[in-house]
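Here is a short briefing for a first look at this chain. Keep the sequence and the model side by side as you read.

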Amino acid sequence: MAKKGNELRPIVKLRSTAGTGTTYVTRKNRRNDPDRLVLRKYDPKIRKHVEFKEER
């Protein structure tokens, strides 16, 4: 049976740097990405691709 809370792949929220309040929810691997995650994704409120940074 699997552990209830998997600490190796935590669930993280990515918040838009454009200030629109848009968020994405994803999982990350702590061994490969120990720092905060930054991804370039689509923000539907401004209809552009912007950087989304990990929020804690």
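Leaving aside its neighbours within four places in sequence, which residues is Arg 9 in contact with? They are Arg 27, Lys 28 and Asn 29. The model is predicted. The points below start with the chain as a whole and then go through selected residues.

**Overall build**

- The chain has four strands and zero helices.
- Along the sequence, the pattern reads β-β-β-β.
- The radius of gyration is 13 Å, well over the 10 Å that the globule rule gives for 56 residues, so the chain is more spread out than a compact globule.
- Taken along the principal axes, the C-alpha atoms fill a box of roughly 45 × 20 × 15 Å.
- Of contacts between residues at least 6 apart in sequence, 31% join residues at least 24 apart.

**Surface and charge**

- Buried residues account for 21% of the 56 residues.

- Arg 9 lies in the segment before β1. Its relative accessibility is 38%, which counts as partly exposed.
- The C-alpha atoms of Arg 9 and Arg 31 are separated by 8.9 Å. Along the chain, these two residues are 22 residues apart.
- Pro 10 is also placed in the segment before β1. At 13% relative accessibility, Pro 10 counts as buried, because the cut-off for buried is under 20%.
- Beyond its neighbours within four places in sequence, Pro 10 is in contact with Thr 26, Arg 27, Lys 28 and Arg 30.
- Lys 28 is 18 residues from Pro 10 along the chain, and their C-alpha atoms are separated by 6.1 Å.

- Gly 19 lies in the loop between β1 and β2. At 66% relative accessibility, Gly 19 counts as exposed.
- Gly 19 and Ile 46 are 27 residues apart along the chain. Their C-alpha atoms are separated by 10.0 Å.
- Thr 22 lies in the loop between β1 (11-16) and β2 (23-27).
- Is Thr 22 buried or exposed? Thr 22 is buried, with a relative accessible area of 10%.
- Which side chains make polar contacts with the side chain of Thr 22? One is the side chain of Thr 20, at 3.1 Å. Another is the side chain of Asp 43, at 2.9 Å.

**Strand β2: Thr 23**

- Thr 23 lies in strand β2. With a relative accessible area of 35%, Thr 23 is partly exposed.
- Not counting residues up to four places away in sequence, Thr 23 touches Leu 14 and Arg 15.
- Thr 23 and Lys 53 are 30 residues apart along the chain, with their C-alpha atoms separated by 9.4 Å.

**The β2–β3 loop: Asn 29**

- Asn 29 is found in the loop between β2 and β3 (38-43). Asn 29 counts as buried, at 15% relative accessibility.
- A polar atom of the Asn 29 side chain lies 3.0 Å from the backbone nitrogen of Arg 31.
- Asn 29 touches Leu 8 and Arg 9, once residues up to four places away in sequence are set aside.

**The β3–β4 loop: Arg 47**

- Where is Arg 47 found? Arg 47 is in the loop between β3 and β4 (48-55).
- Arg 47 is exposed, with a relative accessible area of 67%.
- Arg 47 has a positive phi of about 55°, although it is not a glycine.

How values were computed:
Residues numbered from 1 in each chain as written. Predicted model: local features only at pLDDT ≥ 70, side-chain atom pairs only at ≥ 80, totals over all residues. Heavy atoms only, no water. Helix = DSSP H or I, 4+ residues; strand = E, 2+ residues; numbered from the N terminus. Buried < 20%, exposed > 50% of the residue type's maximum accessible area, 1.4 Å probe, protein only. Polar contact = N/O pair within 3.5 Å; in protein donor to acceptor, adjacent residues only side chain to side chain. Contact = heavy atoms within 4.5 Å. Rg over C-alpha atoms; globule rule 2.2 N^0.38 Å.
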